[in-house]
Structures are given as C-alpha cells and as structure tokens.
Amino acid sequence: MTLEELRADFAAQGQPAFHALQVYRWLHRGVRSFSEMSDQSKAFRQKLSERYYIAAAEIEQRLVSKLDGTAKYLLRLPDGEHVECVLMEYHHGYSICISSQVGCKMNCSFCATGKSGFSRNLTASEMLSQIQTVQQDQGIRISNVVLMGSGEPFDNYDNVVKFLRLVNDPKGLNISLRNISLSTCGLVPKMRAFADEGLPVTLSISLHAPNDGIRQKIMPVAHAYAIEDVLSACRNYVEKTGRRVVFEYALIKNVNCDVKCAEELARRLRGLQCHVNLIPLNAVKERNLEAPTKQDVQAFLKRLELKNISATVRREMGADIDGACGQLRRKALTEGI
C-alpha cells in the first residue's frame, strides 16, 4: 500500500494519521511481522495482523559465485511459489535483478523461465520484498534495481508501476528511478502508456534480432508486434522522457549473430538515442540453441561500432551458479527443494 492508501484505510478505522506513517516506515525497513513494530501497542499490532499481511519472502536457497561474488537467490513467497533474484556488486555499488512474475507467458526460445510456465503476477510488495530480503541477508544497501528477472514487467503493468512509485518514495527505500532499468520484450501499447507515467527509468528492450523473420522464430511476441512498431514506441519514449533506450541482444550461433545481422541492426537503429547490450547466449537445457564463439561476438560488436552504434558486451556474472533467469526455479519444480 502507498502511504496515502494506508492513511485513508487507517482514518476509516478511526486511527490517528501518524500511525500510518510509523507503520509505513516499519514496512519499508523490511519487517517480517507486525510484532516487530516496537513503537506500536500490542493491541494495535494485533489489529494490524488481523486486517493485513506482510508479503515477506523467505530464502529457500542462496548460491554465491566463487568467480565474482554474485549471489543468486531462490525465494519462497507466502503462498509457496518461488521467484529468483540476483545480487551483483559493481564499483558504483550493489545492483539487484528482480522478478516481476512467477514464471512467464512470453516463452522466448533462449530463456529458461518460459519452460517452467506461468503461475501468477507478483504484487508490488512481493517485488519490494526481494530487495528487502537480500539487503537484510547481506547487511547492505542496494542502490540499483533491474526488472529483468523472471516475467514480463509490462504483462504485470499496474503492479510494476506501483512498485516503481513505492521503491522511489523518500519515506521508503528511496531508490532513484534513474538507477532503475525495466526490461520488456516489446509490448507496444504498454510501452506507449509507460512513456506517459512520468517515471524516468531506463527502458531496456529485448530485441534479439534485426528483422521480423528472425525475431518471430525465437520470440512469439514478435507475431503480435513488428520491430518497426517496437522502435516507434522507443522513439516516443526517448522523446517524452529524454532517456535513451537500451536494446538487449542475445547472440545465438547460426541464428542472429553474423555480420549481416549486425549491419541490418545498425541500419534499423540509426538516428535513435540508444545503446546495444550484446549478451552471448547462456546455454539452456531442452533448447537446441548454441552459444556464439568469442570471435562471433567481437565481430558483431566491431561492426556495430563501425556503424556508430553505441554497444558493449555484457559482462558475464555468476556463470558458476546458474546465473541465468529461471534456472533455479526450474530445478525446484522438476527436482524439488
């Protein structure tokens, strides 16, 4: 609940307004039960527990990379569902990649999440809880958030927008919206609606192909929205927010990573305020897709740079701990915890 919603609900119960702010602050410190709210009376805490619940996530499994310290979490939600999040440390601080849904409907061919099916949307509080749980476990403050874990954020539009307003609240976690990235596979109507929300986050587009023919083979959503429609929505976002967009491009051997694809991609993106994030494919069991060679990756990168397209290769993190989205949850579903 937002502070305004909490105040209105408390007022309807005859509770003083200052109680709402006290409770709100406790919630954003990451308390797991109302009994932890030590400045509230026992009777009031009992009333709270009867009327509300706290969607606190429990750590089911934690894997820490011996290569770079990246921590991968499998979290159990109050209803027993599982989601994943990943904590990464950079020179500028801690960044967390969180999930927006339990599973995913998009079923992109290179992603492990879609193989496990879709269960439900996450609430705004369940998204917040991923950050709070990891902060408490590590004893740190997270400054950057990436909505690039399991799920398609714009398929859970209202909850994601509410999460963004809550996580940015100065009375809450107070994380700058400019330190938040949101990844979408290109749900064009939602992209256009989001441009009007006044939330200056970095919009990342899972593009992964230079044309509709290739994209439709690896991303079912491409049958609904053509690349030109996606790019038009990107231009609209840049115009309305002043923020450049980032294109995620998973390089898949013999599919989308030859020099011709790089040249076509560069033509598509010419004149657009953007950056391309190249991602060498993470091998996924049950998918007949191969990772590119290092030579393939460098050739693709150099061709984009020659065409004056800003591009980098994503640094691989957590390679030894099933760092890619969906892998821990899939193991939990198929093998049990």
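**Helix packing and aromatic contacts**

Author: V259, C261, A262, E263, L265 and A266 in α9 meet A299, F300, R303 and L304 in α10, where contact means heavy atoms within 4.5 Å. This is a predicted model, in which local features need pLDDT of at least 70, side-chain atom pairs count only at pLDDT 80 or more, and totals for chains, interfaces and linings use all residues. Residues are numbered from 1 along each chain as its sequence is written, and side-chain values use heavy atoms, with hydrogens and water left out.

Reader: At what angle do α9 and α10 pack, and how far apart are their axes?

Author: Axes are lines fitted to C-alpha atoms, for helices over the stretch in contact, and angles run from 0 to 180 degrees between N-to-C directions. Helices (H or I, at least four residues) and strands (E, at least two) are DSSP runs, numbered from the N terminus. Here α9 (residues 259–269) and α10 (residues 294–306) pack at about 30°, with axes 9 Å apart. That makes α9 roughly parallel to α10, a label for angles under 35 degrees.

Reader: How is a pair of aromatic rings described?

Author: A pair of aromatic rings is described by the distance of the centres and the angle of the planes. Rings of Phe, Tyr and Trp (its six-membered ring) pair if their centres lie within 6.5 Å; planes under 30 degrees apart count as stacked, over 60 as edge-to-face and the rest as tilted. A search of the whole structure finds seven such pairs. One of them, F154 with F194, is tilted, at 5.2 Å centre to centre and 50° between the planes. F154 lies in the loop between β7 (142–147) and α5 (157–168) and F194 in helix α6 (residues 188–194), so the pair ties together parts that are 40 residues apart in sequence.

Reader: Which geometry does the pair of Y157 and F194 have?

Author: Y157 and F194 are edge-to-face, with 6.5 Å between centres and 90° between planes. This pair also links distant parts of the chain, with Y157 in α5 and F194 in α6, 37 residues apart. Both Y157 and F194 are buried, meaning under 20% relative accessible area (1.4 Å probe, protein chains only; exposed is over 50%, partly exposed in between). F154 is buried as well. One aromatic cluster is formed by F154, Y157, F194 and Y237.

Reader: Which charged residue sits over the ring of F118?

Author: A charge sits over a ring if NZ of Lys or CZ of Arg is within 6 Å of the ring centre and within 35 degrees of the ring normal. The charged end of K105 takes that place, 4.8 Å from the centre of the F118 ring. R29 lies over the face of W26, at 4.4 Å from the ring centre.

Notes:
Angles under 35 degrees count as roughly parallel, over 145 as roughly antiparallel, 65 to 115 as roughly perpendicular and the rest as oblique.
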